[in-house]
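Hi everyone, thanks for coming.

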Amino acid sequence: MISFLVAFGIQYIEKALRHPLNRFPGPQLARHTTWYRAYYELIKKGGWLRQLEVLHAIYVNFLRLLQLHFNDPRAYGEIHAPGSRFHKDAALYSIFGNKSGSVFTTLDPQVAVVVRNILSPYLSRRAIVPRVTIIQEKVTINLDHAVHSVALDVLTSLIFSKPFHVLSAPEFDHPFIQHIEPTYTNIWLKKYLPDMNTPFLVAFTRFLSKFNAVANVFAAQLELVKEDLDLALQDVEVLRNGNSSSMQKSMNSPNTLKRLQQLLGRNRLIGEGFNLRFAGTDTIANTCVVGIRYLLSHKDILKRVVKELDEAWPQDDDIAYEDLEKLPYLTAVIKESLRLSHGVVTPLGRVVGPEDVMIMGESIPTGTIVGISSVFVHLNTKLFPQPTKFNPERWLKESPSRTMDSMKKESSSDVTEINADKYLVSFSRGPRCCIGIHLAWCELYIVFGFLFRKLEFVPVTELDPK
């Protein structure tokens, strides 16, 4: 037994010494175990991003962990480039617990693009604009719970045959909203648990779920998604001729759901619906909360956006979404709110392949997991001067750009483009970017526009502008 352990240890050390990523610097413990990261995410309660900043201050542009992390924003564009054939990181995306999969959790980009091409027309700008009234009806007051409630009811009104009606809960205190934060804590924990496919762990998890309010809320929402899908699949013609408000009603062909069912199967469709429910609410709600708080603490910015809205919208009648899109300062406020709320902050790992690639001038071998957090893009001092300052003005200035040839000659610390839209990556970039981006932008314009045109906000406590 001892000789076996010694042989295994020698083999492990030899493999580690010959690892093709040894030329990249990083802490030794973080190279070989997930528990280094787990300490910061679980014990330090989400402190992993702050630790990444500390490590990049030591190791600069390239940071070797179990994956290879970058801090140069141009790496984001190379990792998430159009036409990328990189697979998603299985270890990361498996924590979202959707065994049947969805376009978000699908690892193979060739499989994902098939599903995406079918689903994306129903979340396109062309499909969203005629249904703006649904979003307008849901806009209400209050902050954190309220905007989450708005986002969830808007999404379920558009995607499913009926909304979840979370807005009807007193003080927006619906169980689906109450358990958002515990839900993400559960996801963090699940990331570091052993494989949940083993029979013992499955039974143990089911036993614990009986005492877990979060699991019960998950199950309740999953049942709503299943019921809606089964109703739709029973009679596709109802979606065309009936009074349903679901997004499926806007599909051009009544055979679309049948085509999806043949292609993916019922469980996969349930997975898509459940994924849309979660992915379609959090980024929007967080952006609204962040933006509103910044506006309330910057009275000069608030005054300017209210003035622009009043001039463009002098009457109390509703305004068209297309008219809100044309307001430059409102657009700048939304972009700045997106930048400082970041979207998904976890580095969205991609697996290099099918062949070695060049990223930031370095050859990265096949099989390497690469990533860069959106925070390192949005808070880059070269791209966004005074990056922690809420400054919508930055989006009104013309961004200086360079040719691709000149960019290749620059060092990683040189400026490529200042305050450029291409570095606003709240919805990710490339072929795997957020499928609901058009719905998200529509909601943001409606929420910001309606709230600051119809209501006067007064903070109950003094807010720090910083």
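**A quick tour, starting with a leucine**

So, Leu396 is partly exposed, because its relative accessible area comes out at 35%, and that sits between the 20% and 50% cut-offs. Before I go on, please keep in mind that this is a predicted model.

Where is this leucine? Leu396 is in the loop that runs between helix 22 (374-378) and helix 23. If we skip its neighbours within four places in sequence, Leu396 is in contact with Arg304, Pro328, Tyr329 and Ala332. Also have a look at Asn419: it's 23 residues from Leu396 in sequence, and their C-alpha atoms are 9.1 Å apart.

Okay, next one: His69. You'll find His69 in strand 2, residues 68-70. Is His69 buried or exposed? Its relative accessible area is 0%, so His69 counts as buried. A polar atom of the His69 side chain lies 3.2 Å from the backbone nitrogen of Ser373. His69 also touches quite a list of residues beyond four places in sequence, including Leu52, His56, Phe62, Pro347, Gly371 and Phe376.

Now let's go to Arg432, in the loop between helix 23 (404-409) and helix 24 (437-454).

In soluble globular proteins, nonpolar side chains tend to be buried together. Here, the largest nonpolar core has 90 residues, and the ones with the most contacts inside it are Phe70, Leu295, Leu330, Ile359, Val370, Phe448 and Phe452. Helix 24 supplies the largest share of this core, with 12 residues. Take Leu295 as an example: leaving out residues up to four places away, Leu295 touches Ile301, Leu302, Val305, Val333, Phe390, Phe448 and Phe452.

Last stop, helix 3, which covers residues 35-43. Which of its residues are buried? They're Tyr36, Arg37, Ala38, Tyr40 and Glu41. After helix 3 comes Lys45, which has a positive phi, near 55°.

Note on methods: Residues are numbered from 1 along each chain as its sequence is written. This is a predicted model: local features need pLDDT of at least 70, side-chain atom pairs count only at pLDDT 80 or more; totals for chains, interfaces and linings use all residues. Side-chain values use heavy atoms; hydrogens and water are left out. Helices (H or I, at least four residues) and strands (E, at least two) are DSSP runs, numbered from the N terminus. Buried means under 20% relative accessible area, exposed over 50%, partly exposed in between (1.4 Å probe, protein chains only). Contact means heavy atoms within 4.5 Å. A nonpolar core is a set of buried Ala, Val, Leu, Ile, Met, Phe, Trp, Tyr and Cys residues joined through side-chain atoms within 4.5 Å. A polar contact is a pair of N or O atoms within 3.5 Å; within protein, one must be able to donate a hydrogen and the other to accept it, and residues adjacent in sequence count only if both atoms are side-chain atoms.
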